[in-house]
Amino acid sequence: MTAIITEDHTQIEAAGMPGLIARIGRTAATLASYLQAGPLTLILGFFFLLPILMIAVVSFWDYDFAGLYPDFLTMNYTDTLGSWVTWKTYLNTLKYTVMVWGLTLLIGFWVAYFLAFHIRTTTMQMVLFLVCTVPFLTSNIIRMISWIPVLGRNGLVNTTLIEMGIIPSPIEWLLYSDFAVVLAMVHLNTLFMVTPIFNTLMRIDRSLIEAARDAGANGWQILWNVIIPLAKPGIAIGTIFVVTLVMADFSTVQVMSGGQSASVALMMKNQMSLLQYPAAAANAVVLLIVVLSMVSAILRVVDIRKEL
Amino acid sequence: MTTDTKTPKGISRRGLLKTGAAATGAIVGSGLITGFPTIWAQNPITLRQFGTGVSNINAIAEKCKADLGITLEMTATDSDAAAQRAVTQPDSYDIADIEYWILKKVFPAGVIQPMDIKRLKFYDKIVPLFKTGKLKPDSVIAQGTAPHTVGYVEAPGDKTFANGETQFFTMVPTIYNADTLGIRPDLVGRDITSWADIMDPAFKGKTSILNIPSIGIMDAAMIMEALGNIKYADKGNMTKEEIDATIEFLIKAKQDGQFRAFWKSFDESVNLMASGEVVIQSMWSPAVAAVRSKGIACKYQPLKEGYRSWGGGLGLASHLEGAQLDAAYEYINWYTSGWVGGYLNRQGYYSAAMGTAKEFMSADEWGYWIEGKAATGDIMSPEGKVMEKAGAVRDGGSFEERMGKVACWNSVMDEDRYMVRRWNEFIAA
């Protein structure tokens, strides 16, 4: 902005002066903005773009157990896309994503709504919000693994239910099942939904709600026609977090399904542990394309910049 | 809503960053960050050993330093990474501590130099299993990558293995064992005698096999053959059709809900067994010991079809020469001279030179671990923990009973890549 203003300024001031000063000013301004953007460009370039490019390049290479051989083969892609395992694994991962997204959205919105509209004081809101984040002070893996003694065959839930005489024998599907995977993922990821939604809800102008009420809208109508539309950017940001995290997950799926289910990232991890790096790279490129198109679809639907 | 803009009195963000940076600087400066190789001024000989971890034991490095003055630098990796490193970074190690099936993969690359048996002081003491494939003259040679098949070359520089005993030994065997199924005797409720028992409908949802393709497929093969579904020409080197049949059988069993989980790491197998999620599963012997040490009954069940066995050894890197090579021979001769053998035997593994190891074990330890006799006193682990109470008898009995019943060795198949692909299908199914 400053640059443009100065430029206009100089042009008006020095209408008859040689254009040299104006040009120097303009070049300096352009240079300054390049310099300002420089560090970030370098960091992103070296630590983000370059590695991704490397992955893309390696995905065309040949390999055996001893090493990687520079080449241009599409074998890694035809192997990946031509196998029903890949498709099934993607479907399975998408299934987890949809289920986890739905549940985290429901729970996350609920929590955020309560915090934003039912807690009166800002202090209390902040205190309760911090309470939400307390579990996140421990490691992801520990929070996930702690479900195992709870859900196991002789775990807390089963023992309690049996001792209370509610069920005759342990419920088997509590652990090492899709249920366990989704439960752990929802537990791990709900906060990523709460935070952005809470943020947008807090920015809603309360007078809009009063106006809606004055116009005769009931609670549901206010929620549906006022609050949810205004919370969309938050929902979209939360969705991006949850979708990318679940699509890229391997440890939760492996641990909670007892190795019985596959996810895309787990498939990659298996390939890497067998040193099939090019195959894993091809898989990574495919996953990147899938996730990026999902994110761009979300951005198509909701303009998140509107609220940032 | 009033916003309070007091300056924070406690730790400001900037302050925290500053102290943090200063502290890091101080730690780096004071040399608190270690892990860099130590240079022993008094003794220049250092041997770099890398391998799969089973025998990368610190106590061995310490004892080696004390006895020989040779510093051992050990690096542990998983088996696939070990194979890769052996071939691609041959100058990064002096001693390769690898399994025989890895040797089969890497030896043709010329990175390991064979040893002259005349320089091996205890060559005569090495059990015949590694020389002829037979523990006793009447034993049957097991399938898979049996160590003796990759144990010799005709001459230094050869890339192919010799058919019988020669003067050039590719690796000195160090550690090996016989694996079988682990069971919870208190929960299975009947006698387990065969690999096929893991498929008993009574154990539906209470079994597990390991999810490491090259070993898992062998366990599956043992099960398939025990069920009478198929007769493999060589379980350790299946044809595509045999792989297909095995994987399809596994997929069906998985979809019928026979398995509770698949484990990948040692601790997972311990937890599955200890928590009662699983009552019969593929297991490794130290994992059985770990379950038992929690006071939970667990048995390493011998089965009538025999064991799946594995073995590792020490190989010399091709670049070794002169004083380094002499030191490496000295180290290997020390390794087989008994102290290490006793240590490994007491861990429940087997040492390759049994005769020398015996001198470093008490009569009771020898009786319990090797002869299959009841322990007369408490059996201690090398670290000094009680492993078994007096009166205990080792599962599977004596060394000869266990290693004499090996049905197949861990191996690498010609159709390895195809097998791994199909195995991934089984996990995804």
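Start with the boundary between the two domains of chain B: select domain 1 and domain 2, where 12 residues of domain 1 are in contact with 11 residues of domain 2 (contact means that the C-beta atoms of two residues, placed from the backbone, lie within 7 Å). On the domain 1 side, the elements that give two or more residues are helix H4 (100-106), strand S6 (143-144) and strand S14 (307-317) of chain B; helices (H or I, at least four residues) and strands (E, at least two) are DSSP runs, numbered from the N terminus. H4(B) gives the most to this side, with four residues. By class, the domain 1 side has five nonpolar, four polar and three charged residues. In this scheme Ala, Val, Leu, Ile, Met, Phe, Trp, Tyr, Cys and Pro count as nonpolar, Asp, Glu, Lys and Arg as charged, and the others, Gly among them, as polar.

Residues are numbered from 1 along each chain as its sequence is written, while chains are lettered from A and ligands numbered from 1 in the order in which they are written.

Next, select strands S1 (46-51) and S2 (71-76) of chain B, which run parallel and are joined by six bridges; two strands pair if DSSP finds at least two bridges between them. B:Thr46 has B:Thr71 of S2(B) as its bridge partner. S1(B) also pairs in the parallel sense with strand S3 (95-99) of chain B, over three bridges, and there B:Gln49 stands opposite B:Ile95.

Now show the open sheet of three strands in chain B, with the order S5-S8-S7 and antiparallel pairing. Strands S5 (115-116) and S7 (152-153) stand at the edges, each with a single partner strand, so one side of each is left without a neighbour in the sheet. S7(B) pairs with strand S8 (168-169) of chain B over two bridges, and B:Val153 has B:Phe168 as its bridge partner.

Move to helices H6 (213-227) and H7 (240-255) of chain B, which pack at an angle of about 85° with their axes 10 Å apart. Axes are lines fitted to C-alpha atoms, for helices over the stretch in contact, and angles run from 0 to 180 degrees between N-to-C directions. H6(B) is therefore roughly perpendicular to H7(B), a label for angles of 65 to 115 degrees. Display B:Ile217, B:Ala220, B:Ala221 and B:Met224 of H6(B) with B:Thr246, B:Phe249 and B:Leu250 of H7(B), which make the contact.

Then bring in chain A: 24 residues of chain B are in contact with 21 residues of chain A. Helix H3 (79-88), strand S11 (259-263) and helix H15 (416-428) of chain B each give two or more residues to the chain B side.

Finish by coloring chain A by pLDDT, the predictor's confidence in each residue, from 0 to 100. The mean for chain A is 88, but pLDDT stays under 50 over residues 1-12. Where pLDDT is low, the predicted coordinates should not be read in detail.

How values were computed: This is a predicted model: local features need pLDDT of at least 70, side-chain atom pairs count only at pLDDT 80 or more; totals for chains, interfaces and linings use all residues. Angles under 35 degrees count as roughly parallel, over 145 as roughly antiparallel, 65 to 115 as roughly perpendicular and the rest as oblique.
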